[in-house]
Amino acid sequence: MEFEGQVALVTGASRGIGRAIALRLAEAGCDIALNYRSSTAEAEDVAERIAALGRNVELLPGDVARPEVARQLAEAACEKLGRIDILVNNAGIGRDKLLLAMDADDIQEVIATNLVGPMFLTQAVALTMVKRRSGRIVNISSTAASRPGKGQANYAASKGGLEAFTKAMAVELGSRGILVNAVAPGIIKTDLTQALRNAAESELLGRQVVNSFAEPEAVADAVAYLASPRNTYTTGTVLAVDGGLKMV
Ligand code: NAP
């Protein structure tokens, strides 16, 4: 119960990796402010599981790509659960296609959701953490930030920016007791990668060291360490959870 008495705000926690992170933290004692965009039934299912663990949980729907939502989420989490000890910027989207085929929305919505949203949310939440001189922020990046595939210009730029932002925040917030890190997943079994895995499973596995794709819980474990009180000295890093993707 290493998160007993703590509160985490997890974005995009109705499905996939965010769901696994919320459940992992709750299993270890954390109360959860659970953000999602539109999958209400899925979010309610996650909330029921968290409540069954004996934890407090608040559903906070909202589109993180909208600037005003960040402050609303931070305020609602603090009002309903008391404070925010941990922020996990997980919500993310992909719109893979070649740059020459992208329209303005393909570029702007991916950057707004994956990069600008986490920046506004960090601004809103760090304000409350600075006052308490303690906090943990974990941003969910991607292997695409450092080793993008074809058709990932918008996504790779958003995640590369997120990794740079992670380091910038580690520098700004470290003296206030706030550690800021990123986790860069490879190919995880979620809705986001279903089509890709269906289309090219053996080719993708051939480019990994580990011969299988990971469950979302593998990412959740890495997040749980970086967000935990056990982490006292790691900040500004990007932890790859990718089975050695593109090393072979
Ligand atoms: P997913 O299964 O598609 O789930 C995405 C989650 O984000 C959902 O809960 C969704 O909510 C939420 N979301 C999307 N846009 C949002 C918005 N504008 N505001 C609030 N919530 C929003 O995706 P995933 O695979 O779990 O991915 C989670 C994170 O990991 C993303 O940042 C992704 O880039 C990153 N990642 C994933 C992989 C992978 O292999 N799966 C690899 C590298 C990085 P609704 O259901 O309500 O729409």
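A polar contact is a pair of N or O atoms within 3.5 Å; within protein, one must be able to donate a hydrogen and the other to accept it, and residues adjacent in sequence count only if both atoms are side-chain atoms. In this predicted model, local features need pLDDT of at least 70 and side-chain atom pairs count only at pLDDT 80 or more, while totals for chains, interfaces and linings use all residues. Residues are numbered from 1 along each chain as its sequence is written, and side-chain values use heavy atoms, with hydrogens and water left out.

**Ligand contacts**
- The side chain of Arg 15 has an N or O atom 2.7 Å from a ligand oxygen.
- A polar backbone atom of Arg 37 is 3.0 Å from an oxygen atom of the ligand.
- A nitrogen atom of the ligand lies 2.7 Å from a polar side-chain atom of Asp 63.

**Ligand shell**
- Around the ligand are 32 residues (a heavy atom within 4 Å), of which Ser 38, Ser 39, Tyr 155, Ile 188 and Thr 190 come nearest.

**Nonpolar core**
- The largest nonpolar core has 33 residues, and Ile 21, Leu 25, Ile 32 and Val 183 touch the most other members.
- Such a core is a set of buried Ala, Val, Leu, Ile, Met, Phe, Trp, Tyr and Cys residues joined through side-chain atoms within 4.5 Å; buried means under 20% relative accessible area (1.4 Å probe, protein chains only).
- Leaving out residues up to four places away in sequence, Ile 21 touches (heavy atoms within 4.5 Å) Val 10, Val 88, Asn 90, Ile 140, Ala 220 and Val 223.
- Another core, of 29 residues, lies apart from it and includes Leu 9, Ile 84, Ile 137 and Val 180.

Definitions and conventions: Buried means under 20% relative accessible area, exposed over 50%, partly exposed in between (1.4 Å probe, protein chains only).
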